[in-house]
Amino acid sequence: MDVKSAFLNGELEEEVYVVQPEGFEVQGQNHLVYRLSKALYGLKQAPRAWNIRLDRSLKELGFNRCSQEQAVYTRGEGGAALIVGVYVDDLIVTGGNTREVQLFKQQMLTEFEMSDLGLLLYYLGIEVEQKKGQVKLKQLAYTKKILSQFGMSECNATKYPMEPKLHLHKDSEGVPVDATEYRRIVGCLRYLLHTRSDLSFAVRMASRYIERPTVLHHKVVKQILRYVKGTIHYGLVYVKGHYDEVLVGYTDSDLAGDHDGRKSTNRMAFYLNESLVS
């Protein structure tokens, strides 16, 4: 759902005055100004004012704000539970009960002027494919954009995101490369991690050396891009369960594996049945 002219719904807590708009001045009173009763686009207070208004409206409808993720709201329990994700003026709503979802939409339409965009297909670069019994998340268009941006569209693909048993280090005596370009590549790859958890280790290792990257580190990120080229259609798949829910966690770690600071590295992954959730 999309809120039309969202910032205009914000209520100002401060006194804000603006000059009379060009072409709409009141003759003989050109020296006077207007006092705003609501927010306008362009005001630095507008985003916060809109967020406060939306937060109050959702709480009045019985939603609770998640303490760990401030942009997520929940209402109800069990089969009647609703989850709402907020990104500025875009709202994603999901739940197991269609009636509850429709009720929420009607409640929001009475509060704000909104557009119901239907089933979620695309959101912040993430493509959503919904079929009976499963949901797929991937970033195909974003991945193609990354490869094109860094001249890797026609590169040879590889089967591994990182060479086995490769131990990265600061490479103090190595030849430096363009740090800005290196950071751009790493930044793009980090956003790709939303749907490509198989890249997590390699990208986070490459992220350690953004301060002074060398040819050694540049080869690593190029290896990751080559792997991405060969796995461009990979993503996350969530399958509807037909049995009891089972939460399984996996963890792995090394001891003092960092060659520079002798720090340890550890990571965890949690699956709800067969679906990766964290």
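Reply: Start with serine 57, which is buried at a relative accessible area of 3%. Buried means under 20% relative accessible area, exposed means over 50%, and partly exposed lies in between (1.4 Å probe, protein chains only). The model is predicted: local features need pLDDT of at least 70, side-chain atom pairs count only at pLDDT 80 or more, and totals for chains, interfaces and linings use all residues. Residues are numbered from 1 along each chain as its sequence is written, and side-chain values use heavy atoms, with hydrogens and water left out.

Serine 57 sits in helix α1 (residues 46-60). Helices (H or I, at least four residues) and strands (E, at least two) are DSSP runs, numbered from the N terminus. Not counting residues up to four places away in sequence, serine 57 touches Glu111 and Phe112. Contact means heavy atoms within 4.5 Å.

Now to α4. Two packed helices are described by the angle between their axes and the distance between the axes. The axes are lines fitted to C-alpha atoms, for helices over the stretch in contact, and angles run from 0 to 180 degrees between N-to-C directions.

Take helix α3 (residues 140-149) as one partner: its axis comes within 11 Å of the α4 axis, and the two cross at roughly 170°. That makes α3 roughly antiparallel to α4. Angles under 35 degrees count as roughly parallel, over 145 as roughly antiparallel, 65 to 115 as roughly perpendicular and the rest as oblique. From α3, Tyr142, Thr143, Ile146 and Gln149 meet Arg184, Cys188, Tyr191 and Leu192 of α4. By class, this contact has 5 nonpolar, 2 polar and 1 charged residues. Ala, Val, Leu, Ile, Met, Phe, Trp, Tyr, Cys and Pro count as nonpolar, Asp, Glu, Lys and Arg as charged, and the others, Gly among them, as polar.

Helix α6 (residues 215-230) is another partner. The axes of α4 (residues 179-192) and α6 come within 11 Å and cross at roughly 40°. The two helices are therefore oblique to each other. The crossing is left-handed, meaning that the near helix is turned anticlockwise from the far one by less than a right angle; clockwise would be right-handed. On the α4 side, Tyr182, Ile185, Val186, Leu189 and Leu192 take part, and they meet His217, His218, Val221, Ile224, Leu225 and Val228 in α6. This contact has 9 nonpolar, 2 polar and no charged residues. Leu192 is listed in the α3 contact and in the α6 contact.

The whole structure has 0 disulfides, a disulfide being a pair of cysteine sulfur atoms within 2.5 Å. The closest sulfur to that of cysteine 188 is in cysteine 155, 15 Å away, too far for a bond. Cysteine 188 is buried, at 14% relative accessible area. Cysteine 155 also counts as buried, at 15%.

Last, the loop between α3 and α4. Proline 176 lies there. Leaving aside neighbours within four places, proline 176 contacts Arg212, Pro213 and Thr214. Lysine 165 is in the loop between α3 and α4 too. Lysine 165 is exposed, at 78% relative accessible area. Its phi is near 65°, a positive value in a residue other than glycine. Most residues other than glycine have a negative phi.
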